[in-house]
Amino acid sequence: MANDDALKQGFWSMGQLDRQGAESLLRRARHFASGPRRLDLLDGVEIAALFFETSTRTRVSFEVAATRLGAAVINFDSKSSSLAKGESLQDTVETIASFGVDGMVVRSSAAGAPELISRWTGLKVVNAGDGAHQHPSQALLDLFTLSERLGSLDALSGLKVGIVGDIAHSRVARSLMDGLDLFGAETTLVAPATLMPPRGFAPYVRATSDFDGCLGDLDVVYLLRLQQERIGQGLIPSFGEYVARYSLTRERHRRLRPEVVIMHPGPVYPGMEVDSAVIAAESSLVRSQTRNGVYVRMAILEKVFGAGVME
Ligand code: NCD
């Protein structure tokens, strides 16, 4: 793949990156983590932030990242917009594009929306999460956080990562397993059969419904938010049943080897997918994940909207 051109129209999916492309973004993020807060690399660039779904971490960290690079962010409130009057997504994004912005950061419940919006408007679009499809900036910040903890990206090779929870509806799981595969890590998906995608995933991932059975093999336990709406849909019998089999309780945490790290994309629902004491433990990287989101998103925005050459 011609990697320098890979993100020319935007960043929609981890599938656009090969190992070299991901490495270059992560190196740049490391540079931003230790560099000055204020830069003018995107001076004069205007980016519209379109969040059609709720978000705290992702939205604010994209905004902080853009601001630190000198770009202006135009926020769009979908609830008070003409979308609420029935205007179509295409009309809305074309209206915003007509103001002459340079691009958009988009979160939508519709899988594929960022790529489609880019096609409709001709603008560069960065995906901040689209339905159950992809959340590539999350995958990169997770890889960044893991390599920070382990000392290098090479240390990801052979790492055994268990992604636990609602895999079927998770854009986080989909993008992360792509990212882990680029660096030779091994993914095991852990979920009850009803929360596993019916036809499975890529051939390089394993799947099991037995969390207890694989606890001892894992180097990383990556927990997903259990979306409460799933219970109403009959996909899990009850909260109690889910906690009994899939929550990282204190008792399960004690059975992990001491060097095992815990991750979660947030927002955490304490007592459901993970005990609050486990989230606060030294082995938890959850705070680092949130903090590193800014550096990784700076690297993404620079790559997509910047004119400069990146090493
Ligand atoms: C995730 C998302 O929205 O996809 N959160 C995030 O971006 N930090 C995960 C979730 O909401 O479950």
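This is a predicted model: local features need pLDDT of at least 70, side-chain atom pairs count only at pLDDT 80 or more; totals for chains, interfaces and linings use all residues.

Trainee: Which helix is T92 found in?

Mentor: T92 belongs to helix α3, residues 89-98.

Trainee: And is T92 buried or exposed?

Mentor: Buried: its relative accessibility is 2%, and the cut-off for that label is under 20%.

Trainee: OK, switching to the sheet. What order do the strands come in?

Mentor: The order is β1-β5-β4-β2-β3, five strands in an open sheet with parallel pairing. At the edges sit β1 (10-11) and β3 (72-77), each pairing on one side only.

Trainee: How many bridges join β4 to β5?

Mentor: Five, between β4 (residues 103-108) and β5 (residues 124-130). As one example, M104 has V125 in β5 as its bridge partner.

Trainee: Which strands does helix α2 touch?

Mentor: Helix α2, residues 57-68, packs on the sheet against β2 (46-51), β3, β4 and β5, and its direction makes about 155° with that of β3. Helix α12 (residues 286-305) packs on the sheet too, touching β1, β2, β4 and β5, with about 150° between its direction and that of β5.

Trainee: New topic, electrostatics. How many salt bridges does a search of the whole structure find?

Mentor: There are 16. One of them joins the side chains of E53 and R171, at 2.9 Å from N to O. E53 is in the loop between β2 and α2 while R171 is in helix α6 (residues 171-182), so the pair ties together parts 118 residues apart in sequence.

Trainee: How accessible are E53 and R171?

Mentor: E53 is partly exposed at 25% relative accessible area, whereas R171 counts as buried at 13%.

Trainee: What does R291 meet in a salt bridge?

Mentor: R291 meets E148, at 3.5 Å N to O. E148 lies in helix α5 (residues 136-150) and R291 in helix α12, so that pair links parts 143 residues apart in sequence. E148 is partly exposed at 33%, and R291 is partly exposed at 42%.

Trainee: And where does E282 lie?

Mentor: In the loop between α11 (276-279) and α12. E282 is exposed, with 65% relative accessible area, and its side chain meets that of R149 in a salt bridge of 3.6 Å, N to O.

Trainee: Last one: which residues are linked in a network of salt bridges?

Mentor: D212, E251, R252 and R255.

How values were computed: Residues are numbered from 1 along each chain as its sequence is written. Side-chain values use heavy atoms; hydrogens and water are left out. Two strands pair if DSSP finds at least two bridges between them. Helices (H or I, at least four residues) and strands (E, at least two) are DSSP runs, numbered from the N terminus. Contact means heavy atoms within 4.5 Å. Axes are lines fitted to C-alpha atoms, for helices over the stretch in contact, and angles run from 0 to 180 degrees between N-to-C directions. Buried means under 20% relative accessible area, exposed over 50%, partly exposed in between (1.4 Å probe, protein chains only). A salt bridge is a side-chain nitrogen of Lys or Arg within 4 Å of a carboxyl oxygen of Asp or Glu.
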